[in-house]
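Me: I have a structure open and would like to learn how to read it. Could you walk me through it?

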Amino acid sequence: ASVARVAKQPERAPATEAPAAAGDGAAQLSCPAGMALVKTAKFPRGSVRRGVIKGIEGVALAKSGGAYCIDRYEYPGRGQRPRTSVTFNAAQGLCKGRGKRLCSDKEWRRACGGAFPYGRKFNPSRCNTEDADGEERSIAPAGKFKRCRSGYGAYDMSGNVSEWTADQTVRGGDFASADEDAMCSAGGRRSAGSARASIGFRCCSDFR
């Protein structure tokens with residue numbers, strides 16, 4: 001009987017992996033959808049581009065507290081009427097339910113910017129505040145005032161609804177505010193049980 005011959009296959013070299021270069025996607029972080037990146041430290045040159053942190057050094061810095069994320073829009077999100085009449089504890093719980101937390105007072109003000117999100121002088125046409133005739137407006141869907149945007153990309157941080165922070169302060173003024181009452185620093189400490197129809201919130205999150 002004839003014996004079938006099986007062609008001998010050439011041996012394959014064992015697979016090897018080249019070390020990944022920093023910043024090529026092997027080590028990178030970005031904020032969840034709907035959140036903006038806020039840096040609190042100086043990152044290596046080129047390690048942050050379009051909201052994405054790349055490279056081992058940049059990622060390590062972000063995880064050590066060099067950056068955080070903040071909601072671009074007031075809770076519950078873009079195009080929706082901000083949630084108001086919510087107590088401090090309730091706001092904390094709603095953020096936690098989304099895997100986030102309330103922003104600290106310092107974080108909130110940093111994300112808002114300088115005097116106002118858009119510049120140094122009050123402009124009644126930029127945000128949902130008192131209008132140019134001195135008349136108060138009403139609460140608008142989050143993001144309706146498209147030019148009411150901070151340098152970090154957060155909307156409505158002046159006017160619309162004032163917002164809780166983790167330090168039990170409210171910031172930013174509301175739809176009836178003008179001048180200094182609509183500044184990023186406007187507001188102050190409130191009772192934890194305060195649940196006014198003009199107070200809402202947004203959330204922050206950390207890199208882990």
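Reply: Happy to! Let's start with burial: a residue counts as buried when its relative accessible area is under 20%, and as exposed when that area is over 50%. Keep in mind that this is a predicted model.

Me: Is E107 buried or exposed?

Reply: E107 has a relative accessibility of 15%, so it counts as buried. You will find E107 in helix α3, which spans residues 105–112.

Me: Which residues does E107 touch, leaving out those up to four places away in sequence?

Reply: A contact means heavy atoms within 4.5 Å. With those sequence neighbours left out, E107 touches Y68, R101 and C204.

Me: How do I read the sheet, and what is its strand order?

Reply: Strands pair when at least two bridges are found between them. Here, four strands form an open sheet in the order β2-β5-β11-β6, and the pairing is antiparallel. β2 (35–39) and β6 (101–102) are the edge strands; each has a single partner, so one side of each lacks a neighbour in the sheet.

Me: How many bridges join β5 to β11?

Reply: Three bridges link β5 (residues 67–71) with β11 (residues 203–206), and the two strands run antiparallel. In this pairing, I70 lies opposite C204 of β11. C204 is also one of the residues that E107 touches.

Me: And what does the whole protein look like in numbers?

Reply: The protein has three helices and 11 strands. Of its 208 residues, 43% count as buried. The accessible surface is about 11900 Å², with 47% of that belonging to carbon and sulfur atoms.

Definitions and conventions. Residues are numbered from 1 along each chain as its sequence is written. This is a predicted model: local features need pLDDT of at least 70, side-chain atom pairs count only at pLDDT 80 or more; totals for chains, interfaces and linings use all residues. Side-chain values use heavy atoms; hydrogens and water are left out. Buried means under 20% relative accessible area, exposed over 50%, partly exposed in between (1.4 Å probe, protein chains only). Accessible areas come from the Shrake-Rupley method with a 1.4 Å probe; for residues, only the protein chains shown count as cover.
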